[in-house]
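Please open the model in your viewer and keep the selection panel at hand. The stops below are meant to be visited in order.

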There are 2 protein chains.
Amino acid sequence: MISPDRGGLRTGEVAEQAGVNVQTLRYYERRGLLTEPARSNGGHRLYPPDTVALLNVIKAAQRLGFTLDEVAELLDTGRRRHPAPDLRQRAVEKIAEIDQRIADLTTIRGALTEVVDARCDSLTNCTCADCPIPFLTIGRPDGEPT
Amino acid sequence: MISPDRGGLRTGEVAEQAGVNVQTLRYYERRGLLTEPARSNGGHRLYPPDTVALLNVIKAAQRLGFTLDEVAELLDTGRRRHPAPDLRQRAVEKIAEIDQRIADLTTIRGALTEVVDARCDSLTNCTCADCPIPFLTIGRPDGEPT
DNA sequence: GGTAAGCCTGTACCTGGGTACCGGATGCAA
DNA sequence: TTGCATCCGGTACCCAGGTACAGGCTTACC
């Protein structure tokens, strides 16, 4: 089952091999993650074979918490052969972001635990003693009382 | 500066006291978080005074990580005077969700640390020895190789 | 050359939590 | 009664990351 060489992979082939929707390929092209591929005489896209690997890299970067804009930028600086301590720099920043998110979630978790421990039974008319709900000040923008 | 009693608070008053946009009140009404208030002869909404407190409760619940749909449901079961061990139950489930999110973030953090430690310099053409990027299998749906 | 699968562009839609704008009606104080 | 602030309903828009559909063209295979 050797596929015929037409000078590149077709959208459907790339999409299937990368485990991605066909529409997503065109979406990534619009977003600048994929450069515009060659075309057949009839106007069909013909992707270079390493496109599949590139898509896997993109998916890996997404799993690392980078947004598509960030991935596009990283790929772009890579293409331009910048001096590029860029990736490490970005990774360090991402780690800080993640630490912050974990800290926030931990705070919220603590508040939820309080709600459970106090045996709150209602958001608005909780009958439990020392109900913590009115005092939930997590991340409240101002210190105003409830 | 005693405001005249017209049988309820106007949207602008509620919005200001709750620190919320006026549009948000109508949005919450559509979403079922606020019941439809009484109206003036001219059709203007007149909210009962405890609406401000209710909005604070909603905001607190949001900060705990509940979606608006979940808050609406919790308020609804509260209104219907269900037996309602509901809130506790939901809180316990939320805690489990949060634990999962923290675990995911921790995994990602580990992978990012690897990238930083290995001194990766490019997403696609990293020149570092033992580059971990191709092996980033975090949360990959299938075990297929990169 | 026929036919079906695949691809093309363009546009609209989805989730979640709102925000903004429009033209017209109301509320309220002077 | 006049004038201005506020409110009304309806609709469109924002973010991110896609997905879906319509109507028409190309490619591939027999």
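**Stop 1: contacts with DNA strand D**

Begin by selecting Arg45(B): one of its polar side-chain atoms lies 2.7 Å from a phosphate oxygen of DNA strand D. Polar contacts here are pairs of N or O atoms within 3.5 Å; within protein, one atom must be able to donate a hydrogen and the other to accept it, and residues adjacent in sequence count only if both atoms are side-chain atoms. This is a predicted model, in which local features need pLDDT of at least 70 and side-chain atom pairs count only at pLDDT 80 or more, while totals for chains, interfaces and linings use all residues. Residues are numbered from 1 along each chain as its sequence is written, chains are lettered from A and ligands numbered from 1 in the order in which they are written, and side-chain values use heavy atoms, with hydrogens and water left out.

Next, select Gln62(A), where a side-chain N or O atom is 2.6 Å from a phosphate oxygen of DNA strand D.

**Stop 2: the surface around DNA strand D**

Now display the 22 residues around DNA strand D; those that come nearest are Arg6(A), Thr24(A), Ser40(A), Gln62(A) and Gly12(B). A residue is near the strand if one of its heavy atoms lies within 4 Å of it.

Colour this surface by residue class: 3 residues are nonpolar, 12 polar and 7 charged. Nonpolar means Ala, Val, Leu, Ile, Met, Phe, Trp, Tyr, Cys and Pro; charged means Asp, Glu, Lys and Arg; the others, Gly among them, are polar.

Which helix gives the most to the surface near DNA strand D? Select helix 2 of chain A, which supplies 5 residues.

**Stop 3: chain A and its helix 4**

Switch to a cartoon of chain A, which has 5 helices and 2 strands in the order α-α-β-β-α-α-α. Helices (H or I, at least four residues) and strands (E, at least two) are DSSP runs, numbered from the N terminus.

Finally, select helix 4, residues 68–79 of chain A. Its buried residues (under 20% relative accessible area, 1.4 Å probe, protein chains only) include Leu68(A), Val71(A), Leu74(A) and Leu75(A). Among the elements covering the buried residues of helix 4 are helix 2 (22–31), helix 3 (51–63) and helix 5 (86–117) of chain A.

Note on methods. Expected span 1.5 Å × (residues − 1). Buried < 20%, exposed > 50% of the residue type's maximum accessible area, 1.4 Å probe, protein only. Contact = heavy atoms within 4.5 Å.
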